[in-house]
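Subject: Structure handover

Hello,

Here is the structure for you to look at. My notes follow below it.

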Amino acid sequence: MEPVNESTSGSLKWLVLPTLAAEIVLSGIMLGCYALFAALRQDILLGAALGTAAALVNFAAMILGLLRASKKENPLSAQLTSRVLFVVRMVVLLVVLVIALKSKRFDPLATLLPLCFMRLALMASELVRKKKKGVPTA
């Protein structure tokens with residue numbers, strides 16, 4: 001792992017911000033589709049808000065955890081830290097989602113879709129970054 005320094009952390013924010021923005025835009029498109037089909041209800045809005053917030057917080061926790069792990073001197077210690085933080089993030093995410101879905105105040109599909117959008121947001125921001133650098137895509 002490359003150690004984190006001032007230039008790395010400064011450029012990191014410009015790599016993360018487009019991903020976060022893409023996640024919010026994709027969630028907005030999802031809500032637009034619900035509205036287009038006249039199916040927009042309060043439980044869908046709450047589910048979309050919870051799912052989007054969970055995806056954003058999970059992503060931010062991952063970035064902060066990896067930055068913390070990259071500062072470790074021992075590679076095995078860094079690897080162990082990142083694995084433990086991954087498990088903790090997934091357990092917290094699962095507990096929050098199970099409690100939210102059991103409460104019946106959140107639409108299940110609208111809650112879970114934003115979690116899937118993060119993968120799309122990451123791919124889209126990576127494609128944009130590569131195009132800006134002029135790197136050919138596969």
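Helices here are DSSP runs of H or I with at least four residues, strands are runs of E with at least two, and both are numbered from the N terminus. The model is predicted, so local features need pLDDT of at least 70 and side-chain atom pairs count only at pLDDT 80 or more, while totals for chains, interfaces and linings use all residues. Residues are numbered from 1 along each chain as its sequence is written, and side-chain values use heavy atoms, with hydrogens and water left out.

Overall picture

The protein chain has four helices and zero strands. From the N terminus, the order is α-α-α-α. Of its 138 residues, 25% count as buried. (Buried means under 20% relative accessible area, exposed means over 50%, and partly exposed is in between, with a 1.4 Å probe and protein chains only.) The accessible surface comes to about 9,300 Å², and carbon and sulfur atoms hold 71% of that. Areas are from the Shrake-Rupley method with a 1.4 Å probe; for residues, only the protein chains shown count as cover.

Ala-124 sits in helix α4. Ala-124 is partly exposed, at 35% relative accessibility.

Salt bridges

Side chains of opposite charge can pair when their charged atoms come close. The cut-off used: a side-chain nitrogen of Lys or Arg within 4 Å of a carboxyl oxygen of Asp or Glu. How many salt bridges does a search of the whole structure find? It finds two. Arg-41 pairs with Asp-43 at 3.0 Å, N to O. Arg-41 also pairs with Asp-107, where the closest N and O atoms are 3.8 Å apart. Arg-41 lies in the loop between α1 (6-36) and α2 (42-70), and Asp-107 lies in the loop between α3 (75-102) and α4 (108-133), so this pair ties together parts that are 66 residues apart in sequence.

Is Asp-107 buried or exposed? Asp-107 is buried, with a relative accessible area of 12%. Arg-41 is partly exposed because its relative accessibility is 43%.

Two threonines

The side chain of Thr-111 reaches the backbone oxygen of Asp-107 at 2.6 Å. That is a polar contact: a pair of N or O atoms within 3.5 Å; within protein, one must be able to donate a hydrogen and the other to accept it, and residues adjacent in sequence count only if both atoms are side-chain atoms. Thr-111 is in helix α4. Thr-111 is buried, at 0% relative accessibility. Leaving aside neighbours within four places in sequence, Thr-111 contacts Gly-47, Ala-48, Leu-50, Gly-51, Leu-97, Leu-101 and Phe-106.

Thr-81 is in helix α3. Thr-81 is buried, with a relative accessible area of 15%. With neighbours within four places left aside, Thr-81 contacts Ala-69 and Lys-72.

Surface patch

Leu-80, Val-84, Val-88, Val-92 and Val-96 form a nonpolar patch on the surface, with about 410 Å² of accessible area together. Patches take residues with over 30% relative accessible area and no salt bridge; like charges are joined within 9 Å, and nonpolar side chains (Val, Leu, Ile, Met, Phe, Trp, Tyr) within 5 Å. Val-84 is in helix α3. Val-84 is partly exposed, at 44%.

Loops and backbone

Most residues other than glycine have a negative phi. Ala-38 has a positive phi, near 55°. Ala-38 is in the loop between α1 and α2 and is exposed, at 73%. Lys-104 also has a positive phi, about 65°, and is not a glycine. Lys-104 is in the loop between α3 and α4 and is exposed, at 71%.

Cysteines

The structure holds zero disulfides, with the cut-off being a pair of cysteine sulfur atoms within 2.5 Å. Cys-33 is partly exposed, at 38%. Cys-116 is partly exposed, at 49%.

Best wishes

Key
Contact means heavy atoms within 4.5 Å.
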